[in-house]
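Here are my notes for your review, as numbered points on strand pairing and on one surface region. Please read them beside the sequence and the model.

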Amino acid sequence: MFDSLLVANRGEIAVRVLRTAKRLGIRTIAVHSDADADALHVQLADEAIDIGPPPATESYLNREALLRAVRASGVKAVHPGYGFLSENADFAAAVVQQGVVFVGPPAEAIRSMGSKIEAKRLAAAAGAPVVPGYAGDDQSAETLAREAARIGYPVLVKASMGGGGRGMRVVAQAEDLAGALEGAKREAMAAFADDALLLERYLAAPKHIEIQILADATGRTLSLFERDCSVQRRHQKVIEEAPAPTVDDATRQAMGEAAVAAARAVGYVGAGTVEFVVEDGAFYFLEMNTRLQVEHPVTEAILGLDLVEWQLRIAAGERLAFGEEELAVTGHAVEARLYAESPRTTTRGEVNFLPSTGELRRVSFPGGVRVDTGVRTGSRVTAHYDPLLAKVIAHGDDRPQAIAMLRAALRDTELAGVEHNVPWLLRVLDQPAFVAGTYTTGTVGEAGAELLPEVDALDTAIAAAAVILAAEAAEAAGAAGESGPWAPDGYQVNLPHVQTVRFRRARERIGLRVVCEGGDYHVTGSEGDVHLGGASLVDGLFEARVEGAGIRARITIADAEVFVMRAGATERLTLVEPDAGAFDRVAEASGQIVAPMPGQIVSVNVAEGDQVRADQVLVVLEAMKMEHQVRAPSPGKVTALLCASGDRVVEGAELVNVATS
């Protein structure tokens, strides 16, 4: 085994690799951008090297910066994690040319299978069925349009390199193809430094099943069974499980054999994944990922393996110490990905999942499950990188138990500071199709707004009572001020009193009337009336009785923001002065279109004086490695453009002014 390892990545996968390496006694070196100087993976490593500014293209995708770090550290091996340069054959070759071990397959295998175009050719030659489509070298718009027409709409546009749904578009009709190609190319180049595309027949509702492969340098190649990764939004996986609930033994064996054949065809070495789509009993080769997958923990759980350890051992020249006949599946595992995003808003009936940025004011995960994360309380989520916060993995004796464990763990998760998808995940777990195991890649999209979390009047009532309780504690300690949101109206310690607490939730203003007497709080607002009996707030834990039942919530108050965490959900409210929010009302009335998140302007699609229709794309904004379309809320005329292509903007920055017609 080599004595030192540089992890050329960030976030939870860097933490994951570093922990296994440290357990094996390997000296570890992390790399980081300026934005990640205080990140968890930096703190965990024995050493850390700054590789550049926050944009990924100038740091984690900067091959020369990473190679300089390899030389400076004197390491014996480099682990690329996943994403970024993990499937970049030139980077793998350059590492080896430095006399350093690349923990992954040979560059030739990455070049062959890292390209979805080449992978489909090789898989077909190895006998695996492939989805009909176009994977040619001619990338001209004319050829792609002609091939799309031949395949038939709808078609799926896919980036040849990378994954995670980036550079992927579903095109329903010919007139939408040109825009989809342009957007997919931009997104692929930004995320993977390669804008080659392929086209496939769009299968509306298949199962997405993948086979985990492990191979050593002697040619011994094993199938480590399958995972079901069909719960997807925006073509990105969010819940995965192993084994797949609807795969029978015959299909499992056939897919495993096809995956092994594809891996052997390119002389594959290390851990990799061969992905298939399954529809109407038939399976088709989709692509091969020449790296570790985000969802690898569910395979580790059911087999009792550490895939990172075996990656390192194989890279160090060791042979696999077991065969397929020695592998046995134990129980069932389910993984949920927790993202910093807001699954609250919809456009044309579809959930937007807008990324969310900010400082994490509280991060707390329960015991009894595995949690892979790269964040902690105080971490900052920026617009530069993927919004994945953590993965929660539950392993039970059977599928129902694993799902129940995951559901309980998500309900006990506490996240404050950014919007997150935990309540949405809980709703997915309760869907009949998921419970039955019959869900497909189309299930989440079909459910749409049905999975959106609901605003609970109890949470705002709890927030109001918590603010008063916190102010009371501050007053008793002699720390309360005389003005601002911490000076409730008409406040007197230990006497019955009536107060008004004002919040802002996004752009909505909320006023609550609170009658306080002893430990009882009666809260009245537009959302209804709530009576909180025997309320207390001790060390951030709020407890009260509501209609005879006890409730608990975790409260975090930071600056003027109040976070109420209960049953996996987080209500985020901002305390405001009586006259605050006037600007919001003016902005809404004047037709100001603002940035929904910080990011970089990719394109401005309108000009001053243009007449626009409702839902027309005005601006395209890139954030967290994906593009987001800013659309007109209603018909009108563009009266002002306040941004240009290439501009970096903050959340809430005015982009376009549209006077409604």
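1. Two strands are taken to pair if DSSP finds at least two bridges between them, and strands themselves (E, at least two residues), like helices (H or I, at least four residues), are DSSP runs numbered from the N terminus. The model is predicted, with local features needing pLDDT of at least 70 and side-chain atom pairs counting only at pLDDT 80 or more, while totals for chains, interfaces and linings use all residues. Residues are numbered from 1 along each chain as its sequence is written, and side-chain values use heavy atoms, with hydrogens and water left out.

2. An open sheet of five strands runs in the order β3-β2-β1-β4-β5 with parallel pairing, and its edge strands, β3 (47-52) and β5 (101-102), each pair on one side only. Within this sheet, β1 (residues 4-7) and β2 (residues 27-33) are joined in the parallel sense over four bridges, where L5 has T28 of β2 as its bridge partner.

3. Further along, β27 (residues 508-517) pairs with β28 (residues 520-525) in the antiparallel sense over five bridges, with C516 standing opposite Y521. Two residues separate the strands of this hairpin, in which G518 takes a positive phi near 60 degrees.

4. Strand β28 also pairs with β29 (residues 528-538), antiparallel and over five bridges, and T524 stands opposite D529. These two strands form a hairpin with two residues between them.

5. Is E325 buried or exposed? E325 lies in the loop between α11 (307-315) and β15 (332-339), and counts as exposed because its relative accessible area is 66%, where exposed means over 50%, buried under 20% and partly exposed in between (1.4 Å probe, protein chains only).
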